[in-house]
Amino acid sequence: MHRLIGTLMTLTLGLLLTTAPALGAQSAAPPAGTVRHVVVFKFKPAATEAQIQEVTDAFVALKGKIPGIVSLEHGVNNCPEKRNQGFTHVYQVTFTNAAARDAYLPHPAHKAFGELLGKLGVLEDVFVVDYTPAHD
């Protein structure tokens, strides 16, 4: 009996390990019409880590304040090519569709975030790209 249970557990584990990557790949593709909004900041040399963290925390908080945001990711450039031209912090917002993105831009929470950036005075430049992911 123990041998049967062990065999069944081994088969189940094997099935999970071989199908999980495929299932993850299927769910990774965004739904048609999704819009990605990529924002990349170049901070002034005088910007402190605390100020940069305040900006990041405020940006991340937008997900809970603005409808239509599916996900919000962020990170710091670590590309070995050294071609980032001083742009270091990346924020990627995924919207359900272009209408949700368009509603985000004038949203009071987004405007308040812009006011925070102005108050802190830590940004040297910003680069923004929006796109709809291609489904090949």
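This is a predicted model: local features need pLDDT of at least 70, side-chain atom pairs count only at pLDDT 80 or more; totals for chains, interfaces and linings use all residues.

Colleague: What makes the pair of Phe-41 and Phe-43 edge-to-face?

Modeller: Ring centres must lie within 6.5 Å to pair, and planes over 60 degrees apart count as edge-to-face. At 5.8 Å and 75 degrees, Phe-41 and Phe-43 are an edge-to-face pair. Both Phe-41 and Phe-43 are buried.

Colleague: And why is the pair of Phe-87 and Phe-127 called edge-to-face?

Modeller: The centres of Phe-87 and Phe-127 are 6.4 Å apart and the planes meet at 65 degrees, so this pair is edge-to-face.

Colleague: How do you know whether Phe-87 is buried or exposed?

Modeller: Buried means under 20% relative accessible area. Phe-87 has 14% relative accessibility, so Phe-87 counts as buried.

Colleague: Which residues do ring pairs link into a cluster?

Modeller: The cluster holds Phe-41, Phe-43, Phe-59, Tyr-91 and Phe-113. Phe-113 is also among the buried residues of α4, together with Ala-109, His-110, Leu-116, Leu-117 and Leu-120.

Colleague: Why do you say that the buried residues of α4 line one face of the helix?

Modeller: Seen down the axis of α4, the buried residues fall within an arc of 110 degrees, so they line one face. The face turned away from that buried side carries the exposed residues Pro-108, Glu-115, Gly-118 and Lys-119. The cover over the buried residues of α4 includes β1 (35-43), α2 (49-61), α3 (98-104) and β4.

Colleague: How do you know that the length of α4 agrees with what a helix should span?

Modeller: At 1.5 Å a residue, the 13 residues of α4 (residues 108-120) should span 18 Å, and the end C-alpha atoms are 18 Å apart, so the two agree.

Colleague: Last one: why is β3 described as largely enclosed?

Modeller: Because 6 of the 7 residues of β3 are buried, β3 is largely enclosed by the rest of the structure. β3 pairs antiparallel with β1 through 7 bridges, and β2 and β3 also pair in the antiparallel sense over 7 bridges. Within these pairings, His-89 of β3 is the bridge partner of Phe-41, and Val-93 of β3 stands opposite Leu-72.

Notes
Residues are numbered from 1 along each chain as its sequence is written. Side-chain values use heavy atoms; hydrogens and water are left out. Rings of Phe, Tyr and Trp (its six-membered ring) pair if their centres lie within 6.5 Å; planes under 30 degrees apart count as stacked, over 60 as edge-to-face and the rest as tilted. Buried means under 20% relative accessible area, exposed over 50%, partly exposed in between (1.4 Å probe, protein chains only). Helices (H or I, at least four residues) and strands (E, at least two) are DSSP runs, numbered from the N terminus. The expected span of a helix is 1.5 Å times one less than its number of residues. The arc is that of the directions from the helix axis to the C-beta atoms. Contact means heavy atoms within 4.5 Å. Two strands pair if DSSP finds at least two bridges between them.
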